[in-house]
Amino acid sequence: MASGEFEGQGGIMNALTADLGLSPAYSARIDQTSASGGAGIYAAWQSIRSGASELTLLVGGEKMTHRSTAEATDVIASITHPAEYKHGITLPSFAGLTARLYLDRYGVSRERLAEVAVKNHRHGLANGRAQFRTAVTVEKVLESPIVADPLRLYDFCPITDGSAALLFTSRERAEELRPDEHVVVSGIGGASDTHVVHERADPTWMDAVADSSNEAFDRAGLGPEAVDVAELHDMFTILEFLQMEAVGFAERGRAPERVRAGETTVGGELPINPSGGLKSKGHPLGASGVAQAVELYEQLTGRAGDRQVEPAEAGLACSVGGFGNCATTTLLEAPR
Amino acid sequence: MTDAPVFAAVRCPNGHLSYPEHPVCPECGEPPDGTVDLSEHTAEVITWTRTTATPPGVREPNELAIVEFEIDGETVRALGQTTDAVEIGTTVEPVYADQLREPGAGIKPATGPQEYDGWRFEPV
């Protein structure tokens, strides 16, 4: 996102190119707030598909923990419309507003949201790179302090330092260079929703996620039922439900049932966030969308160790900016 | 003397209301050609939250609601702070506040395009 905004350092792409000794390679910073990682995948994919580049390195990163929680929250809140910002809105507040409406509309109990946190913390136990490697219980989530009623501390991702990287090239070149160590971007799509959150006809529906996913599925010639494993942008527990529904993994209002039945846990029918998700792995803004695809790469190449999903032929990553303001969906497949 | 503050939503030639104002109507793309003062109307709470983790210069806790106005058969929503506790379905009216958060305490400067006054919602 915010590459630079947390540190007061501009021109970060130039600094990185120089540090890596890659000059005179062309470099650019891709900004799409917290969906910058997904947008970076889109830009890297375009650079290869267009023929403009033979080899493109995508690096996502963010340094956040030197700022207080209040300051970091305000940096992130500055992406909102001025008419929202002046009321002291934060991204967690949007999550509280949306969660209340979702629970009320669909008659879902508060415990169902806690089950998302429990699952993603459980997955994080098997990820050596996760920020939190601690199990939590529904009781612990429900006893944690209220942050944005009805959401509590454990409904939110942490503030994180982190980075992730991917190397893109043509399929032919990948088969030459790394025949058993690559995956294929079979579909990708990006979309935007309103800037002002209250202008959306249904605040519990993520249009940008639905539109970007439909585009990615169309490109790949696949549907949601073909996906074996998914990484969703669970910045807040409620967002995992909303994305499951917008991607097509569940009917509206029915995502909580799949989570509760264990279908989205590793070992279930459709594991979601086997990495631990943003919730447990952490959410260094610009890195998160890249790290989602790194997790899918490890899953699709059989390198995920104790969190390996079986079978893992097709994976979906959804990278979300703002409170659903923009989204990129990427479909990765094991080479056939 | 300054004029009494106005809680301005805009209306486009096709009758759609929007708040805040955009150069073109989000629904049909026409530039707006009229305004409606929402402070003369009541609204219904669609959803609300009470947040304890507030940014620098913002009251703590901060109670926020998304409310919906219905004016001549058209609806328009707004986000804002509330003066008191509300529930889904509570009827509220806008009340003016000259400072919703402390100018300059957060990442945005005290002077510039960001405004700091506006309208809270008070249960009727």
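Visitor: Where in chain A is the place of A:Pro24?
Guide: Keep in mind that this is a predicted model. A cis peptide bond joins A:Ser23 to A:Pro24, with omega at about 10 degrees. As for its place, A:Pro24 sits in the loop between α1 (12–19) and α2 (36–49) of chain A.

Visitor: Is A:Thr33 buried or exposed?
Guide: A:Thr33 lies in the loop between α1 and α2 of chain A, and its phi is near 45 degrees, a positive value in a residue other than glycine. The cut-off for burial is 20 or more other C-beta atoms within 10 Å. A:Thr33 has 20 of them within 10 Å, so it counts as buried.

Visitor: How many other C-beta atoms lie within 10 Å of A:Asn273?
Guide: A:Asn273 is found in the loop between α11 (255–260) and α12 (277–281) of chain A. Phi here is near 60 degrees, again positive in a residue other than glycine. A:Asn273 is buried, and the number of other C-beta atoms within 10 Å is 28.

Visitor: How are α6(A) and α10(A) oriented to each other?
Guide: The axes of α6 (residues 110–124) and α10 (residues 237–247) of chain A come within 8 Å and cross at roughly 95 degrees. On the α6(A) side, A:Leu113, A:Val116 and A:Ala117 meet A:Thr237, A:Ile238 and A:Glu240 of α10(A). By class, that contact has 4 nonpolar, 1 polar and 1 charged residues. Angles from 65 to 115 degrees count as roughly perpendicular, so α6(A) and α10(A) are roughly perpendicular.

Visitor: How does the side of chain A that touches chain B divide by residue class?
Guide: The contact takes 33 residues from chain A and 34 residues from chain B. In chain A, α3 (69–77), α4 (82–85), α5 (91–106) and β2 (146–148) each supply at least two residues of that side. The residues of this side divide into 14 nonpolar, 11 polar and 8 charged.

Visitor: Which strands stand at the edges of the open sheet in chain B?
Guide: The order in this sheet is β2-β1-β3, with antiparallel pairing. Strand β1 (residues 8–11) is joined to β2(B) by 2 bridges, and B:Arg11 stands opposite B:Leu17. Each edge strand has a single partner, so one side of it is left without a neighbour in the sheet; these strands are β2 (17–18) and β3 (34–37).

Visitor: Which residue in the turn between β5(B) and β6(B) has a positive phi?
Guide: Strand β5 (residues 62–71) of chain B is joined to β6(B) by 8 bridges and runs antiparallel to it. B:Ala65 stands opposite B:Gly80 in β6(B). The two strands form a hairpin with 2 residues between them, and the turn residue with a positive phi, about 50 degrees, is B:Asp72.

Visitor: How many of the 8 residues of β6(B) are buried?
Guide: Strand β6 of chain B covers residues 74–81. It is largely enclosed by the rest of the structure, because the number of its residues that are buried is 6.

How values were computed:
Residues are numbered from 1 along each chain as its sequence is written. Chains are lettered from A and ligands numbered from 1 in the order in which they are written. This is a predicted model: local features need pLDDT of at least 70, side-chain atom pairs count only at pLDDT 80 or more; totals for chains, interfaces and linings use all residues. Two strands pair if DSSP finds at least two bridges between them. Helices (H or I, at least four residues) and strands (E, at least two) are DSSP runs, numbered from the N terminus. Two residues are in contact if their C-beta atoms, placed from the backbone, lie within 7 Å. Ala, Val, Leu, Ile, Met, Phe, Trp, Tyr, Cys and Pro count as nonpolar, Asp, Glu, Lys and Arg as charged, and the others, Gly among them, as polar. Axes are lines fitted to C-alpha atoms, for helices over the stretch in contact, and angles run from 0 to 180 degrees between N-to-C directions. Angles under 35 degrees count as roughly parallel, over 145 as roughly antiparallel, 65 to 115 as roughly perpendicular and the rest as oblique. A residue is buried if 20 or more other C-beta atoms lie within 10 Å of its own, exposed if 12 or fewer, and partly exposed in between; C-beta atoms are placed from the backbone.
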